[in-house]
Structure formats: C-alpha cells, structure tokens
Amino acid sequence: MQMIEVGENDLDSLREALRRANLPCDDISEPGRRFYRFEVRGQWVAFGGLEGAAPDMLLRSMVVREARRGEGLGRTVLLALEQCASAQGALRLHLLTQGAAGFFAVNGYERFDRQMAPTAIRQTEQFKNLCPASASYLRKTLPVQVTNGNTPE
Ligand SMILES: CC(C)(COP(=O)(O)OP(=O)(O)OC[C@H]1O[C@@H](n2cnc3c(N)ncnc32)[C@H](O)[C@@H]1OP(=O)(O)O)[C@@H](O)C(=O)NCCC(=O)NCCS
C-alpha cells in the first residue's frame with residue numbers, strides 16, 4: 001500500500017470520501033492539517049489525516065473505501081498514521097469518533113471524558129464546532145520510536 005500526501009489542489013476526492021462517511025470536511029483546506037491517500041495498485045483505498053503539532057496531535061478523517069472495509073486495511077492505515085505522527089515528535093494521538101470507537105479500542109485507544117483532552121486538542125475545530133457532543137473521545141500514548149537504529153538498553 002502506498003501512502004501519498006494529499007496536495008492543496010487535490011482535496012476533492014478526500015472531501016467526497018468524508019461526505020459519504022458522514023465525517024466533517026468543512027475545515028480540510030485550513031492550515032495545520034495534513035492528509036494522506038492510501039493506494040493499492042493506483043486506486044485509493046483509504047484516507048487519513050493528522051492535525052496540530054507534537055506532542056499532542058489529532059488523528060482525523062480516517063476512512064476506508066466502503067467496499068474494502070473489514071479486510072484489515074483500517075488497522076494498516078492507522079499504524080502508518082501513528083508512525084507518521086511519531087516521526088513528527090508526537091507522543092499521543094487524540095480523536096473523536098461517532099461510529100468507530102470499537103475499532104480504535106481494539107487498536108489500543110482508550111476512551112476518556114472530553115474534558116480530559118489537552119487544551120491544544122480541545123481548541124481544534126473538531127472539538128469546538130464540527131463533532132457533535134455525542135462523539136466519543138479516545139487517545140493513545142504512542143510507542144517510543146528508536147531513531148538511531150540501536151535498541152534501547
Ligand atoms: C473505522 C474504519 C476506518 C475501519 O476500517 P476497516 O478497514 O474496516 O478496519 P479493519 O478491517 O482494519 O479492522 C480492524 C479491527 O477492528 C474491528 N473493527 C472495524 N470496524 C469496527 C467498528 N466500527 N467497531 C468495532 N470494531 C471494529 C475489526 O473487526 C477488526 O478487529 P479484529 O482484527 O479483531 O477482527 C472503517 O470502518 C471506516 O472507514 N468507517 C467510516 C469512517 C469512520 O467512522 N472513521 C473513523 C472516524 S475518524
């Protein structure tokens with residue numbers, strides 16, 4: 001699977017995928033967000049995004065093409081986004097979801113009260129305006145990345 005950053009002028013297919021999945025898309029062209037398209041044999045199978053800056057980043061806009069759900073692609077995409085966030089220095093990933101809390105829970109995310117989110121996360125558009133109060137807040141502490149090629153002592 002290939003992971004390709006979505007360019008500013010290439011947001012239409014992402015917007016369409018988010019609309020179909022009933023995920024917020026009003027703010028996708030605003031600064032501070034990065035979106036990725038995941039392709040298999042030249043066809044998109046998923047999108048996902050990261051917002052904000054280390055140490056606390058928001059995982060957002062994750063959607064697997066409807067016909068390809070349940071094949072394990074979601075788990076692979078999530079891992080790729082987590083690694084991408086870690087590489088940018090993130091220590092924790094936070095998210096809001098309405099229908100996929102179970103998916104994130106089986107992938108190591110824990111549910112918390114929304115008020116427990118750090119200020120930077122509570123100030124995102126998703127927290128302030130775009131996600132309904134009924135959305136669940138989950139977060140995960142990312143595994144520490146070893147960057148020098150040596151295993152930790
Ligand atoms: C949530 C979503 C990304 C999962 O992608 P997927 O490719 O279907 O997930 P996977 O096949 O990798 O599933 C991985 C595991 O999560 C489980 N799972 C998947 N969706 C689930 C859900 N909604 N609730 C509970 N568990 C779920 C699977 O059963 C699997 O568990 P297993 O390995 O024990 O069998 C996909 O269903 C989707 O795009 N949903 C619509 C958009 C959305 O809600 N996005 C999240 C908000 S940011």
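This is a predicted model: local features need pLDDT of at least 70, side-chain atom pairs count only at pLDDT 80 or more; totals for chains, interfaces and linings use all residues.
Residues are numbered from 1 along each chain as its sequence is written.

Trainee: How many residues surround the ligand?

Mentor: A residue is near a molecule if its C-beta atom, placed from the backbone, lies within 6 Å of it. The closest are Arg69, Gly74, Arg75, Gly102 and Phe103. The residues surrounding the ligand number 20.

Trainee: Which element gives the most to the shell around the ligand?

Mentor: Helices (H or I, at least four residues) and strands (E, at least two) are DSSP runs, numbered from the N terminus. At least two shell residues each come from β4 (56–64), α2 (73–87), β5 (92–97) and α3 (101–106). With four residues, the element that gives the most is β4.

Trainee: Why is β5 largely enclosed by the rest of the structure?

Mentor: A residue is buried if 20 or more other C-beta atoms, placed from the backbone, lie within 10 Å of its own. β5 is largely enclosed because, of its six residues, the number buried is five.

Trainee: Which residue is the bridge partner of His94 in β7?

Mentor: Two strands pair if DSSP finds at least two bridges between them. β5 and β7 (residues 136–141) run antiparallel and are joined by six bridges. In β7, the partner of His94 is Arg139.

Trainee: Which residue of β5 is the bridge partner of Leu58?

Mentor: β4 and β5 pair in the parallel sense over three bridges. The bridge partner of Leu58 in β5 is His94.

Terms used. A residue is buried if 20 or more other C-beta atoms lie within 10 Å of its own, exposed if 12 or fewer, and partly exposed in between; C-beta atoms are placed from the backbone.
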